[in-house]
Amino acid sequence: MPSPAATDPDPIHPGRSRIPALARLASGLRWDLPASLVVFLVAVPLSLGIAAASGAPVMAGLIAAAVGGIVAGSLGGAPLQVSGPAAGLTVIVAGLIEQFGWPVTCAITVAAGVLQVLLGMARVGRVALAIAPVVVHAMLAGIGIIIVLQQLHVMLGAEAGEAALHNILALPDTLATLDPQAAFLGAVVIALLVGWKYMPAAVRRVPGPLVAVVAATLLSLPFNSDVDRITFDGSLLDALSLPHLPQGEWTAIAVGVVTIALVASVESLLSAVAVDKMHHGDRTDFNRELLGQGAANVTSGMLGGLPVTGVIVRSATNVEAGARTRKSAILHGIWVLVFSLLLAGVIQLVPDAVLAGLLIMIGIRLVKVADFQTARVTGDLAVYAATLLTVVLVNLLAGVLIGLALAVLLVLWRVVRASIHAEPLGGAAENRWRVVIDGSCTFLSLPRLSKVLAAVPPAAHVTVELDVDYLDHPVHDTLEAWRLRHVNNGGSVEIEETGTATLHAALAGTPARGSSRSALRGGFAPWRSWQRDGLPEGAEAAGAIPAPVRSVLNGVDSYHRRHAHLLRPHVQELSTFQDPDTLFLTCADSRLVPNLITSSGPGDLFTVRNVGNVVGGDRLEPSVEASLKFAVNELSVKNVVICGHSGCGAMTALLAGPASDGNPADRNPEGQEERCPVESWLDHGRPSLESFHAGHPVQVAAEQAGYGAVDQLAMVNVAVQLERLQRHASLQGAVRSGDLHVTGLFYDIATARVLQITPTGISHLDPLPRAGELAPA
């Protein structure tokens, strides 16, 4: 019997047993406790190094790490994200300390936290993600370069300057006077961090930064006292300090507050997005994450700590170590706090050159080759380079602002710029030209449009292909004025509108962007909806191809221009074989397009068509049987589909009954009357007609759904053909075993909808209502 204490209800949630809550807690700690220890071991040396690089008190890094873990971990919206001092803020904090001093910098951190809280309360968390990633990547790369240039001097035993350019120019003098012991210790750290990834997996469970710092520190102990080491006065409690309000320079203070708040917010949110991709648990609540980060910065600034942000290195370590809940981040902060209180003296044994080597590797890792390559491939290299150079040579805020401005201008250029070109068609004697306008065509495109139109020779027969998703009134006026002028000079102009924005719409009201290129107008609409009747005047008399044939060739021409290049990559591998999934048997009616209603392409359907989509009587019709055997035995299709349609001529003829008027043309040379070939073929459908009159279940269902007699018969015909195939001796075994599936469909032309037909009824395949749409009553 369990003890009463074990089964008492939870006093906080009456009626709920304590056992599940305790079990959940124990289960979570099983994963979160080990993960928190791993993250703690990573966080301590990184926090010390970032504090040293910022010019802040060393203990300020540990204060920020503890606050980031406990406060941001408890209140933030990213359960597995670990927060603390970050290298991305090092340059900003160093500049603020240089300008205002450390106590005022703490006040700026508090104000930045308050701004983050206000942003979270305003629910603009996702808006911060609108900053172009290329700008963030370039910003981090610039910060990494600045850190490397600064810490390289420290590792060589010299003083680092504030400006990157100064550090570059001073490097020769530093190399000439380097401290061999400091350089050796820094090189040991770099060598260990570079080689750690090649160690066995069991060894790599210990964080590389911790091993590098401990090993280099132990090597430094026999060295003389000339090696500079971390120094601070007092304990962690002594390092706690209240911020000081600034005395004037309020504009610069405001800039610092906004800079810290925005950079910390963006870095936290981008880190949270990256962490979400690494696990399958709860997703980030971005607004709550801003609230948590803001609360952590207020707390850290009030206690004398560095600014806090989400850190991808620690967060990734947390996920990889197996963390399941936010308890891991909170516990890591507790371990940092305990270490800082009890073992602070150990920190003073670490040489400055050791932390410099660690920071050099952190800086190098901020400059990611993958980000550079992505910017090059996506055409954002100019934005990346401008942002990086400005961050390094000027300052971080200027670099980010310039990068954002360039990114916006680049997007504007790409969005509003239409592709416009003209080219001759046929020989010079034909004097035929084509003008193609593709994209978003606005008044910004008028210089290019006017130049291209001016290049078209007078009196030419011109086709203007207008494939745009946005078109404004100035473009309409320019095209119309040119068309009138060109026609008056003896030419002709034909405008083909295949996009979602039209000239008429631009003239009728406020222009609006279309959803995208219209798939129907681009290739699936009937010729009559996009091809003009007739040919250029005199073309047919001069021996041109007749108009009826011209429709086909116009379609081929449109295919070559608009679709062949898109299709080519998909059909190249099909050039030597076919491997269809489905045999699709349907009516020969021109209104039914199998690939359109099944959203399929080349190689998907092995299509068989005949009048009335019939398979035959007790014995399959020979052409159908040959196709079926080839598809099943040679192509190994897994599905057979029989598809009927509304308004079927064959079903109409069956309902009307046989007609014979004794026409001599229907008699053979011996004078014997012969049946019309269509009537002979329709004999295959007479069992369907008998089932229809007998009240087949499909006929009853179709009648109840409101379909007319012809469509009821067409649905019954599909059901009867299904039954015939399922009973066929060569298919029975495969159908019963599930190796072959037989399906019936019905295409309602008037509504462009597809229904499923079974031997016993019909079912609708309508899509689910889209967001914001109401289902029909």
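**His 476**

Helices here are DSSP runs of H or I with at least four residues, strands are E runs of at least two, and both are numbered from the N terminus. The model is predicted: local features need pLDDT of at least 70, side-chain atom pairs count only at pLDDT 80 or more, and totals for chains, interfaces and linings use all residues. Residues are numbered from 1 along each chain as its sequence is written, and side-chain values use heavy atoms, with hydrogens and water left out.

Is His 476 buried or exposed? His 476 has a relative accessible area of 12%, so I noted it as buried. (Buried is under 20% relative accessible area, exposed is over 50%, partly exposed lies in between; 1.4 Å probe, protein chains only.) I then listed what His 476 touches, leaving out residues up to four places away in sequence: Leu 471, Leu 503, Ala 506 and Leu 507. A contact means heavy atoms within 4.5 Å.

**Strand E7**

Next I checked E7, residues 582–587. This strand is mostly covered, with 6 of its 6 residues buried. I found two partners; strands pair if DSSP finds at least two bridges between them. E7 runs parallel to E8 (residues 605–610), joined by 6 bridges. Phe 584 stands opposite Thr 607 in E8. E7 also runs parallel to E9 (residues 639–645), with 5 bridges. There, Thr 586 stands opposite Cys 643.

**Helices H8 and H10**

I compared the axes of H8 (residues 180–195) and H10 (residues 208–220). They come within 9 Å and cross at roughly 150°. Axes are lines fitted to C-alpha atoms, for helices over the stretch in contact, and angles run from 0 to 180 degrees between N-to-C directions. H8 and H10 are therefore roughly antiparallel. (Under 35 degrees is roughly parallel, over 145 roughly antiparallel, 65 to 115 roughly perpendicular, the rest oblique.) I also noted the contacts: residues including Phe 184, Leu 185 and Val 188 in H8 meet a set in H10 that includes Val 211, Ala 212 and Ala 215.

**Gly 695**

I found Gly 695 in the loop between H31 (686–693) and H32 (697–704). Gly 695 counts as partly exposed, at 34% relative accessibility. Its C-alpha is separated by 9.6 Å from that of Val 716, 21 residues apart along the chain.

**Whole chain**

Last, I took the totals. The chain has 34 helices and 12 strands. Buried residues make up 44% of its 777 residues.
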